Amino acid sequence: MPRASVVGAGMTKFGVHDSTLSELFAEAALSAFDDAGVGPDDVDALYFGNAMGGQTENDTHLAPKAASRIGLAGVPCQRFEDACATSANAFKNAVHAVEAGVHDTVLVGGSERCTPVTGLGTAEMTRIFASASDRHYEQPTGLTFPGVFALLTKRHMHEYGTTEEQLAHVAVKNHANGEHNPIAHFGKQTTVEEVLEGPVVADPFRLMDCCPFSDGASAVLVTSTDRADSFDDPVDVSGVGHATDVVPLGAKPVPHATEAARKAAAQAYEQAGASADEMDFAEVHDCFTGAEIMASEAIGFFEDGEGGPAAEAGRSSLDGDRPINPSGGLKAKGHPIGATGTGQIVELTEQLRGGAKERQIDGATKGLAHNLGGDAATTVVTVMEVRE
Ligand code: COA
């Protein structure tokens with residue numbers, strides 16, 4: 001039985017923001033307060049995610065700064081950092097704290113700025129992102145994250161015959177979904193031809209296979225299912241799995257299998273008493289198109305090797321039988337690292353409340369979020385469901 005629920009959700013637009021990390025988070029948090037009809041006095045703790053503020057903006061010790069901006073100073077607050085899985089991990093800890101009775105209501109979320117408003121361009125930001133890779137074996141070789149996921153995808157192509165056209169279909173789908181999402185970084189559609197004609201970033205990825213650098217923040221309020229009874233439209237958290245894989249990439253026995261995701265998904269399904277077949281949709285970590293295909297197999301939406309053909313056949317589209325990334329995913333919605341995990345939880349909440357408008361999955365009652373960090377070394381999988 002679920003013991004924790006999301007009762008409020010808010011986020012900023014993902015894109016470019018000329019405000020500090022704390023100011024950005026305040027916008028998302030106040031929107032979550034409004035959504036739940038509560039104020040700071042109703043919150044017992046802040047779990048805050050930020051991956052790179054120290055490296056990008058000389059901005060650390062962010063949890064009390066964010067708390068101070070929204071009238072939360074006084075409550076315990078802490079920062080989480082797990083590369084791109086930063087705020088999913090903060091969310092998992094918030095759920096556990098509520099389930100354990102440590103806190104009644106926790107505000108959890110994150111903020112990050114990765115666009116040139118920080119004063120840093122693509123090259124420097126790519127170097128900073130690569131700090132999440134192995135210091136001894138990967139960083140000295142010049143391996144960066146487009147390269148990490150390109151290697152994984154190349155192996156997947158070698159094993160299963162996955163094609164560049166199939167990758168392109170993921171980008172086309174996610175841009176089409178992003179067009180229906182008012183907070184998405186990119187609201188423009190693309191075509192398979194346009195993706196395949198784009199400049200190569202890291203073979204087999206071209207420009208449109210990659211997520212962008214984004215600024216943004218997201219926040220949700222987690223409380224016990226009992227307390228949630230007094231809120232409008234609570235959405236229950238029925239399982240949160242979390243697993244790690246070995247670093248560096250070369251030490252993984254079957255790299256493209258993304259074992260951490262399989263373990264995290266198995267835990268989440270077991271806690272939820274549900275199977276992959278019962279999920280009406282998933283938000284997965286599509287930092288690159290190949291990553292979505294591997295994730296769609298790891299969470300059990302498709303058999304191994306079927307993720308590419310399924311994307312090409314439209315099975316993961318909004319009107320397909322296994323919709324993936326109705327929000328537009330990281331590819332089109334954007335990827336402000338520390339805000340991405342709870343951003344997925346905001347999308348699950350909107351979908352399960354039936355409020356996602358043009359991108360709504362009809363009749364959705366159960367959904368899954370998959371958020372990974374580093375070279376797929378940290379993965380958190382969350383299952384949420386509409387209250388019976
Ligand atoms: N998808 C679609 N369009 C993109 C884009 C993306 N990922 N990145 C940039 N663009 C667009 C810009 O909007 C801009 O369009 P405009 O000319 O119409 O204004 C154009 O492409 C050039 O943008 P620019 O920022 O100069 O591109 P860039 O070459 O410096 O960077 C990438 C492009 C793909 C290299 C960069 O976005 C990237 O590295 N993404 C991956 C980030 C990453 O690794 N995240 C961590 C994942 S684990």
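**Figure 1. Surroundings of Leu207 in the predicted model.** Leu207 touches Pro199, Val201 and Lys331, where residues up to four places away in sequence are not counted and contact means heavy atoms within 4.5 Å. Leu207 itself belongs to the loop between β6 and β7 (216–224); helices (H or I, at least four residues) and strands (E, at least two) are DSSP runs, numbered from the N terminus. Val195 is twelve residues from Leu207 in sequence, and the C-alpha atoms of the two are 7.3 Å apart in space. The model is predicted, and local features need pLDDT of at least 70, side-chain atom pairs count only at pLDDT 80 or more, and totals for chains, interfaces and linings use all residues. Residues are numbered from 1 along each chain as its sequence is written, and side-chain values use heavy atoms, with hydrogens and water left out.

**Figure 2. Residues around the ligand.** Of the 14 residues around the ligand, Thr122, Phe129, Cys210, Cys211 and Lys331 come nearest; a residue is near a molecule or strand if one of its heavy atoms lies within 4 Å of it. An N or O atom in the side chain of Thr122 is 2.6 Å from an oxygen atom of the ligand. A ligand nitrogen atom is 3.1 Å from an N or O atom in the side chain of Lys331, and a nitrogen atom of the ligand is 3.4 Å from a polar backbone atom of Pro212.

**Figure 3. Packing of helix α6 (residues 145–160) with helix α11 (residues 289–298).** The two axes, lines fitted to C-alpha atoms, for helices over the stretch in contact, come within 9 Å and cross at roughly 60 degrees; angles run from 0 to 180 degrees between N-to-C directions. That makes α6 oblique to α11, since angles under 35 degrees count as roughly parallel, over 145 as roughly antiparallel, 65 to 115 as roughly perpendicular and the rest as oblique. On α6 the contact is made by Phe149, Leu152, Thr153, His156 and Tyr160, and on α11 by Gly290, Ala291, Ile293, Met294 and Glu297. By class, this contact of α6 with α11 has six nonpolar, three polar and one charged residues; Ala, Val, Leu, Ile, Met, Phe, Trp, Tyr, Cys and Pro count as nonpolar, Asp, Glu, Lys and Arg as charged, and the others, Gly among them, as polar.

**Figure 4. Packing of helix α4 (residues 86–99) with α14.** The axes of α4 and α14 are 5 Å apart, at an angle of about 55 degrees, and α4 is therefore oblique to α14. Thr86, Ser87, Ala88 and Phe91 of α4 meet Gly338, Ala339, Thr340, Gly341, Thr342 and Ile345 of α14.

Figure 5. Most residues other than glycine have a negative phi, and most peptide bonds are trans.

Note on methods. Polar contact = N/O pair within 3.5 Å; in protein donor to acceptor, adjacent residues only side chain to side chain.
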